Amino acid sequence: MGIHHHPNQEPLLAPPAHSWGEVAPDGVVARVLRVVLGDRVVSFPFAELRRWEHAVGNPETLQIWAGSEWVRIEGRKLTQIREALDNSRLIEVRQNTASPLVRSGPLIRRILVEKRE
């Protein structure tokens with residue numbers, strides 16, 4: 001027997017967190033994008049995000065221009081992350097590792113944050 005909830009009530013458990021980051025709930029707009037790196041966390045106000053480009057290939061890349069810096073995300077299946085950006089709902093992005101839990105979602109192999117020239 002499973003646990004069922006009424007459609008008009010809040011679910012008993014929160015949906016599982018993404019291994020690659022965090023997305024705001026429907027109807028909520030993110031104010032800051034956090035980029036989690038191995039040794040630090042870099043935060044960008046959403047108002048500073050100027051442009052992003054998703055290039056399909058091996059690896060896929062998602063480049064985000066923010067103020068005087070750019071963020072380069074490399075991996076595969078990055079569409080979900082780009083869609084969260086498009087909808088101003090991406091709160092956090094971080095590298096994740098290949099595991100059975102990542103089969104259907106994005107896999108982020110590398111994240112770089114660098115100054116633009």
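**Salt bridges in a predicted model**

Trainee: How far apart are Arg-82 and Asp-86 in helix H1, in helical turns?

Mentor: Keep in mind that we're looking at a predicted model. Helix H1 covers residues 79-86, and these two sit four residues apart in it. So the separation of Arg-82 and Asp-86 is about one helical turn.

Trainee: And what is the N to O distance where the side chains of Arg-82 and Asp-86 meet?

Mentor: Side chains of opposite charge can pair when their charged atoms come close. Here, Arg-82 is partly exposed at 23% relative accessibility, and Asp-86 is partly exposed at 41%. Their side chains form a salt bridge, with an N to O distance of 3.0 Å.

Trainee: Is Glu-74 buried or exposed?

Mentor: First, its partner: Glu-74 makes a salt bridge with Arg-72 at 2.7 Å, N to O. Arg-72 has a relative accessible area of 21%, so it's partly exposed. Glu-74 has 12%, and the cut-off for buried is under 20%, so Glu-74 counts as buried.

Trainee: Which residues are joined into one network with Glu-92 and Arg-94?

Mentor: Start with the pair itself: the side chains of Arg-94 and Glu-92 meet in a salt bridge at 2.3 Å, N to O. Arg-94 is partly exposed at 22% relative accessible area, while Glu-92 is buried at 12%. Salt bridges with shared partners extend the network to Glu-22 and Arg-34.

Trainee: How many salt bridges does the structure hold?

Mentor: We've talked through a few, including Arg-82 with Asp-86 and Glu-74 with Arg-72. For the whole structure, the number of salt bridges is nine.

How values were computed. Residues are numbered from 1 along each chain as its sequence is written. This is a predicted model: local features need pLDDT of at least 70, side-chain atom pairs count only at pLDDT 80 or more; totals for chains, interfaces and linings use all residues. Side-chain values use heavy atoms; hydrogens and water are left out. A salt bridge is a side-chain nitrogen of Lys or Arg within 4 Å of a carboxyl oxygen of Asp or Glu. Buried means under 20% relative accessible area, exposed over 50%, partly exposed in between (1.4 Å probe, protein chains only).
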